[in-house]
Amino acid sequence: MTVYKGKCFCGAVEIAVDGEPVGAGYCHCGSCRSWSAGPVNAFTLWKADAVTVTKGKDNVGVFHKTGRSHRKWCRICGGHLFTDHPEWNLIDVYAATIPGFPFKAGVHVNYAESVLRMKDGLPKLKDFPAELGGTGETVPE
C-alpha cells in the first residue's frame, strides 16, 4: 500500500494515511472556509482506519461545533491536521497537510455557499452527495 505522510505547521504532530482516499475535492461551506481561513478548503476523504497519528498524539486538540465534524489541530502551533466525521466513518485530511499526495479533485461540495466560483468542469453539488445525507443536487458553475 502507498503511505502518505504529513505533519502540522511546527512538526510536533505527524500523521500517515494508507492506501487511496475515498474521494477528494473542494468544500465551499462557511465552516470550512472559516476554519481554513480561505475561500475554499481542499479535502481528501479517507476511511477512518487509514489515518494514523504517528507522532505527538498528546499534542492533538479537538473542536467540534457540531457532531458531524471533529476538527483536529496541533496544540503547540495551532496547525490544522484533519477533520474526523464520525457519522460517516471518514476522515478529511486537508490536502495541504499531506504534501506528497497527488491531489486530484473530483467534486465541489456545498457550492451553493461558494464565495469563490471555480470554472473547472467538475461537478458542483449544492450541498453533499445523497449517500452522505445531502440532496445530491448539482448547481451551475
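Predicted model: local features only at pLDDT ≥ 70, side-chain atom pairs only at ≥ 80, totals over all residues.

User: Which residues of the largest nonpolar core touch the most other members?

Analyst: They are Val 13, Val 17, Trp 46, Phe 82, Val 93 and Ile 98, in a core of 18 residues. A nonpolar core is a set of buried Ala, Val, Leu, Ile, Met, Phe, Trp, Tyr and Cys residues joined through side-chain atoms within 4.5 Å. Buried means under 20% relative accessible area, exposed over 50%, and partly exposed in between, with a 1.4 Å probe and protein chains only.

User: Which strands each supply at least two residues of this core?

Analyst: Strand 2 (14-18), strand 5 (51-55), strand 8 (80-85) and strand 9 (90-94) do. Strands are DSSP runs of E with at least two residues, numbered from the N terminus. Apart from this core lies another, of 12 residues, including Cys 29, Cys 32, Leu 45 and Trp 88.

User: Is strand 9 enclosed or open, and why?

Analyst: Strand 9 is largely enclosed by the rest of the structure, because five of its five residues are buried.

User: Which strands pair with strand 9?

Analyst: Strand 4 (residues 41-47) pairs with strand 9 in the antiparallel sense over five bridges, and four bridges join strand 8 to strand 9, also antiparallel. Two strands pair if DSSP finds at least two bridges between them. Asp 92 is the bridge partner of Leu 45, and Phe 82 stands opposite Val 93.

User: Changing topic: how many disulfides are there?

Analyst: The structure holds zero disulfides, a disulfide being a pair of cysteine sulfur atoms within 2.5 Å. For Cys 27, the nearest cysteine sulfur is that of Cys 29, 3.6 Å away. For Cys 32, the nearest is that of Cys 27, at 3.7 Å.

User: And are those two, Cys 27 and Cys 32, buried or exposed?

Analyst: Cys 27 is buried, at a relative accessible area of 5%. Cys 32 also counts as buried, at 10% relative accessibility.

Methods
Residues numbered from 1 in each chain as written. Heavy atoms only, no water.
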